[in-house]
Amino acid sequence: IPSYPDGKPEKDAINDQQLCVKNVVLIYANFSYTTDPDPLAQVDFASGGTGYYFTNGQYQQITWQKGDYSSNLKLFDMSGNELSVNPGKTHIGIVNKDYADTLEITA
């Protein structure tokens with residue numbers, strides 16, 4: 001169940017219900033930031049990276065690729081095989097790779 005960094009449940013803006021999904025994909029990417037004219041985080045999707053796939057109470061480390069703006073996001077297991085994601089709702093979280101070492105997975 002997705003939640004914000006402060007631990008509060010992430011809720012659907014339309015029905016105010018806590019999000020409940022079958023799959024969670026967490027990918028790490030390079031971020032850069034601008035402040036002119038407004039603060040903006042820019043995500044480097046072209047470089048790909050690593051991440052995690054969570055489903056059915058299990059997880060595995062993955063890699064990912066996207067390429068250019070119009071390319072689809074592709075997920076791979078650590079052997080390089082394209083990942084088969086279980087049917088159902090999927091939540092994708094994108095995290096600055098500078099924070100990759102801060103992830104704690106607890107049961």
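These are my notebook entries on a predicted protein model.

**Ground rules.** I number residues from 1 along each chain as its sequence is written.

**Confidence.** I looked up pLDDT, the predictor's confidence in each residue, from 0 to 100. The protein's mean is 89, and 93% of its residues reach 70 or more.

**Alanine 29.** I found alanine 29 in strand S1 (residues 23-34). Strands (E, at least two residues) are DSSP runs, numbered from the N terminus. Is alanine 29 buried or exposed? Alanine 29 is buried, with a relative accessible area of 0%. Buried means under 20%, exposed over 50%, and partly exposed in between (1.4 Å probe, protein chains only). I then listed its contacts (heavy atoms within 4.5 Å). Leaving out residues up to four places away in sequence, alanine 29 touches Val43, Asp44, Trp64, Ile94, Val95, Asn96 and Lys97.

**Core.** I checked the largest nonpolar core, a set of eight residues that includes Ala29 and Trp64. Such a core joins buried Ala, Val, Leu, Ile, Met, Phe, Trp, Tyr and Cys residues through side-chain atoms within 4.5 Å. S1 gives this core its largest share, three residues.

**Tryptophan 64.** I looked up its contacts too, again skipping residues up to four places away in sequence. Among them are Ile27, Ala29, Gly48 and Leu75.

**Leucine 103.** I found leucine 103 in the segment after strand S6 (90-96). Leucine 103 is partly exposed, at 32% relative accessible area.

Technical notes: This is a predicted model: local features need pLDDT of at least 70, side-chain atom pairs count only at pLDDT 80 or more; totals for chains, interfaces and linings use all residues. Side-chain values use heavy atoms; hydrogens and water are left out. Helices (H or I, at least four residues) and strands (E, at least two) are DSSP runs, numbered from the N terminus.
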